[in-house]
Amino acid sequence: MDVYEAVRSRRSVRGFLGKPVPDEVLTRVLTTALRAPSGGNLQPWRVYVLSGAKLAELKYLVRQRISDGDTGDPPQVLPYPEALPEQYARRIEELGALRYGAVGVARGDYAGRERVRVRNWDFFGAPVGLFCYLDEQMLPPQWLDAGMFLQTVMVLLRAEGLDSCAQIAWGRYHRSVTEIAEPPAGYVLGCGMSIGYADPDEPRPAIPRASLAEVVTFRS
């Protein structure tokens with residue numbers, strides 16, 4: 001698979017097979033991804049990969065919290081601005097309609113939407129979960145670096161025939177993640193990521209992107 005096809009075929013997959021991911025594949029992907037750009041060569045990311053018993057333990061902890069009516073932890077980082085400009089709010093609304101509509105959940109079916117959302121904390125059935133932390137002292141440029149690292153991971157996973165889903169949703173239960181991952185004090189959870197082989201029967205609606213003209217300006 002060439003790099004263009006890897007980028008074009010990357011999707012946020014929300015349904016995985018239970019097929020194990022070989023350790024050597026994960027090691028190869030993550031070792032190569034360390035070549036991602038990093039301003040000042042800070043490489044501000046700290047990554048934790050969970051599978052097997054540790055993955056099951058985390059899922060159990062969060063499942064129990066949800067069952068007990070626990071709606072989550074105070075956010076370390078807000079996922080979106082509190083007041084989104086109209087064009088961005090419209091994109092989120094369109095995404096929700098496509099994502100939930102693909103699994104038969106109507107716009108006003110809030111209970112149905114919550115049932116779909118809860119699958120985040122089961123890693124959508126994936127056998128591997130990845131978490132990316134950053135030192136709380138890092139600034140927006142270092143968060144950009146972490147994003148480039150994570151995109152590199154996701155593209156390399158496609159080259160290996162694997163899929164992924166980056167998940168800011170894990171921030172809702174960041175204390176449970178920290179309990180299992182055990183990062184150093186002073187580190188903040190950036191996001192989680194489900195990794196595995198895509199379930200071919202899981203609906204995968206096509207998600208539109210802004211046109212080139214909307215986001216790119218050429219000057220010469």
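**Before you start**

You're looking at a predicted model, so local features need pLDDT of at least 70 and side-chain atom pairs count only at pLDDT 80 or more, while totals for chains, interfaces and linings use all residues. Residues are numbered from 1 along each chain as its sequence is written, and side-chain values use heavy atoms, with hydrogens and water left out.

**Exercise 1.** Work out how helices H4 and H5 are arranged and which residues join them.

*Solution.* 
- Start by finding H4 at residues 86–102 and H5 at residues 110–117. Helices (H or I, at least four residues) and strands (E, at least two) are DSSP runs, numbered from the N terminus.
- Next, take the axes: they come within 11 Å and cross at roughly 85 degrees. Axes are lines fitted to C-alpha atoms, for helices over the stretch in contact, and angles run from 0 to 180 degrees between N-to-C directions.
- So H4 is roughly perpendicular to H5. The cut-offs are under 35 degrees for roughly parallel, over 145 for roughly antiparallel, 65 to 115 for roughly perpendicular, and oblique for the rest.
- Now look for contacts (heavy atoms within 4.5 Å). H4 brings Gly96, Ala97, Arg99 and Tyr100, and H5 brings Arg113, Val116 and Arg117.
- Finally, sort these residues: three are nonpolar, one is polar and three are charged. Here Ala, Val, Leu, Ile, Met, Phe, Trp, Tyr, Cys and Pro count as nonpolar, Asp, Glu, Lys and Arg as charged, and the others, Gly among them, as polar.

**Exercise 2.** Describe the largest nonpolar core and find the element that gives the most to it.

*Solution.* 
- Buried means under 20% relative accessible area, exposed over 50%, and partly exposed in between (1.4 Å probe, protein chains only).
- The largest core has 23 residues, and those with the most contacts inside it are Phe149, Leu150, Val153, Leu157, Met193 and Ile195.
- Helix H2 (23–33), strand S2 (128–135), helix H6 (140–159) and strand S4 (187–196) each give two or more residues. H6 gives the most, with six.
- Zoom in on Leu150: leaving aside neighbours within four places in sequence, Leu150 is in contact with Leu130, Cys132, Cys191 and Met193.
- Apart from this core lies another, of 21 residues, including Phe123 and Phe131.

**Exercise 3.** Decide whether Ser164, Cys165, Glu182 and Leu212 are buried or exposed.

*Solution.* 
- Ser164 lies in strand S3 (residues 163–167). Its relative accessibility is 1%, so Ser164 is buried. Not counting residues up to four places away in sequence, Ser164 touches Arg11, Phe16 and Met154, among others.
- Beyond neighbours within four places in sequence, its contacts include Phe124 and Gly192.
- Glu182 sits in the loop between helix H7 (174–181) and S4. With a relative accessible area of 58%, Glu182 is exposed. Leaving aside neighbours within four places in sequence, Glu182 is in contact with Tyr48 and Val177.
- Leu212 lies in helix H8 (residues 212–215). Its relative accessibility is 53%, so Leu212 counts as exposed.

Notes
A nonpolar core is a set of buried Ala, Val, Leu, Ile, Met, Phe, Trp, Tyr and Cys residues joined through side-chain atoms within 4.5 Å.
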